[in-house]
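Please look over the model shown here before reading the report on its core, its helix packing and its charged pair.

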Amino acid sequence: AVLLGLVTLVLGAFLIVDFPYVFANVAETSLIKYGVHTYSEYVKRGFFEFSLVSIVVYGVLWGGLGAIRGLIQDQKSKIKIVLTVFQSVLFVEFGIFLLSIFRRIFLYQQFHGWSLARIYGGIFLIWVLGLVAILAVRHFYQKSLLLAEVLLTVTVIIFVGLFNSENFIATSHPPTVNKRIDYVYLSRMSTDGTAGWKMSYENALKI
């Protein structure tokens, strides 16, 4: 209960105090007031924070679930309520934090197009969100959900293997630099991104 309460308090305080930064809604040129210069730096710093927070919070949530399930009968009426409240609040806070990272990636691609890092980062976020959802279900479903976690992971891996991300980048929303398509990036993609090669070649002919 003490551990859950402390983690819930710290993450909650972070979201409240840094709410303007976490959900910054300003032009890229105004990001300097939050200590960053570009959306790229904003997303990268946010992703590092997300990775660290995910490891800590996911582990604590698992520990909280184990504690709730391990309570003896006479403890359930007193401690279970406290643990359940902390668990619920922490799940909500973690969901808000996940939403902020999704938003950062969306802002980045909206202004600067897609890249492999942004696409795979988004897929990684979806995988983590799926694991958190399965963990939440465990609180109401006593049987093992290991198969669901394995299926989720295998599905993500298969999707990453089959999805032609480089062709998607070239044909949907190519990366930009100074509001112009980054043909250098497109020309350096693998054979999966031949559409980008063609675009780069055609652009070179115009120069």
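## The nonpolar core

A nonpolar core is a set of buried Ala, Val, Leu, Ile, Met, Phe, Trp, Tyr and Cys residues joined through side-chain atoms within 4.5 Å, where buried means under 20% relative accessible area, exposed over 50% and partly exposed in between, with a 1.4 Å probe and protein chains only. The model is predicted, so local features need pLDDT of at least 70 and side-chain atom pairs count only at pLDDT 80 or more, while totals for chains, interfaces and linings use all residues. Residues are numbered from 1 along each chain as its sequence is written, and side-chain values use heavy atoms, with hydrogens and water left out.

The largest nonpolar core holds 32 residues, and L11, F50, V57, L61, L90 and F97 have the most contacts inside it. At least two core residues come from each of α1 (2–17), α3 (39–70), α4 (73–112), α5 and α7 (165–172), helices being DSSP runs of H or I with at least four residues, numbered from the N terminus. Helix α4 gives the most, with 8 residues.

## Packing of α5 and α6

Helices α5 and α6 pack at an angle of about 170 degrees, their axes 10 Å apart; axes are lines fitted to C-alpha atoms over the stretch in contact, and angles run from 0 to 180 degrees between N-to-C directions. The two helices are therefore roughly antiparallel, a term for angles over 145 degrees.

## The salt bridge

The whole structure has 1 salt bridge, meaning a side-chain nitrogen of Lys or Arg within 4 Å of a carboxyl oxygen of Asp or Glu. R138 forms a salt bridge with E149, with the closest N and O atoms 3.0 Å apart. Because R138 lies in α5 (residues 116–138) and E149 in α6 (residues 146–162), the pair ties together parts 11 residues apart in sequence. Both R138 and E149 are buried.

Notes
Parallel < 35°, antiparallel > 145°, perpendicular 65-115°, else oblique.
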